Amino acid sequence: MVQQTARFDDRYYRRFYGKGGAHDRAQVEHLATGVHHMAAWWGVPVRSVLDVGAGMGFWRDWYRTTHPTVKVRSIDVSEYACATWGHERRDIADWRPRGQFDLVVCHSVLQYVDDERVVRAIDHLVGATRSLLYLELPTRDDLRHLVDRSATDMEVFHRTGKWYRSHLELHLRQVGAGLWVPRNGVPMYELEAAGR
Ligand SMILES: C[S@@+](CC[C@H](N)C(=O)[O-])C[C@H]1O[C@@H](n2cnc3c(N)ncnc32)[C@H](O)[C@@H]1O
């Protein structure tokens, strides 16, 4: 069942992605450039991308503009976002992607998925990741001590980093800077990746 749809409306995107919001297109363009080039450094060809909770579609647009041959699929639970920015309407907790993608992006999404459904959402992300997962979300600690409260949606699930790690690390190795790789995936030098 698709949930939380009314919350992610025009007002929401203007509030958090306008001037002084959580992040903007230019910042995501830097990030996407970095991730794509790190993949190249590891010899991982990025031919397919799944953008989960794509919102205004910054990642999808960057790939379309700079690497038009990369197949990008963008999904979002919000009716408004799908109609406005052209994503498939899916709820990552309910939808298990068929097949895998070289890069899966889940940028600032999992904090919106409730405790009952978030493990399923993580399983779906893991299952869809062939080579790299870019994952970003604020943990309880971040929400308490790090984020700018005026620019960040605080009405989210406040879970610890330890909690997220306990689920992610069953299948993935943390590289750093938001990147995770499948345990049987691209080999990393001991000091290259943060996790073992
Ligand atoms: C903070 S915005 C992030 C947008 C984009 N990823 C970015 O970083 O620019 C969160 C997005 O996640 C979407 N979302 C929340 N729960 C979701 C779910 N269960 N499945 C898919 N998308 C979801 C919302 O509709 C919203 O567009």
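Predicted model: local features only at pLDDT ≥ 70, side-chain atom pairs only at ≥ 80, totals over all residues.

**The cavity and its ligand**

Helix 1 supplies three residues to the lining of the largest cavity, which is the biggest contribution to that lining. Helices here are DSSP runs of H or I with at least four residues, strands are runs of E with at least two, and both are numbered from the N terminus. On a 1 Å grid over the protein atoms alone, a cavity is a set of points where a 1.4 Å probe fits but cannot get out, whereas a pocket is an open set with protein on both sides within 12 Å along at least five of seven lines; lining residues have an atom within 4 Å of a point.

Residues are numbered from 1 along each chain as its sequence is written, and side-chain values use heavy atoms, with hydrogens and water left out.

How many cavities of 30 Å³ or more does a search of the whole structure find? The search finds one. The volume of the largest cavity is about 430 Å³, where a volume is the space filled by probe spheres set on the points, and grid points are joined across faces, edges and corners. Its lining has 30 residues, of which Gly53, Ala54, Asp76, Ser108 and Val109 are the closest to the centre. Helix 1, strand 1 (48-52), helix 3 (58-66) and strand 2 (71-76) each give at least two residues to this lining.

What takes up the space of the largest cavity? The ligand does; a molecule sits in a cavity if more than half of its atoms lie within 2 Å of the grid points. Around the ligand there are 20 residues (a heavy atom within 4 Å), and those that come nearest are Tyr13, Tyr17, Gly53, Asp76 and His107. Helix 1 (residues 10-17) gives the largest share of this shell, three residues.

Let me turn to polar contacts, which are pairs of N or O atoms within 3.5 Å. An N or O atom in the side chain of tyrosine 13 is 2.6 Å from an oxygen atom of the ligand. Polar backbone atoms also take part: one of histidine 107 is 2.8 Å from a ligand nitrogen, and one of valine 77 is 3.2 Å from a ligand nitrogen. On its own the ligand has 600 Å² of accessible area (Shrake-Rupley method, 1.4 Å probe), and the protein covers 98% of it.

The largest pocket holds about 350 Å³ of space. Among its 19 lining residues, Ala22, Ser108, Glu136, Val147 and Thr152 are the closest to its centre. Helix 1 again gives the most to the lining, with three residues.

The second largest pocket holds about 230 Å³. It is lined by 14 residues, with Leu135, Leu137, Thr139, Gln174 and Trp180 the closest to its centre. Strand 5 (129-136) and helix 7 (161-168) are the elements that give two or more residues to this lining, and the largest share, four residues, comes from helix 7.

Methods:
Polar contact = N/O pair within 3.5 Å; in protein donor to acceptor, adjacent residues only side chain to side chain.
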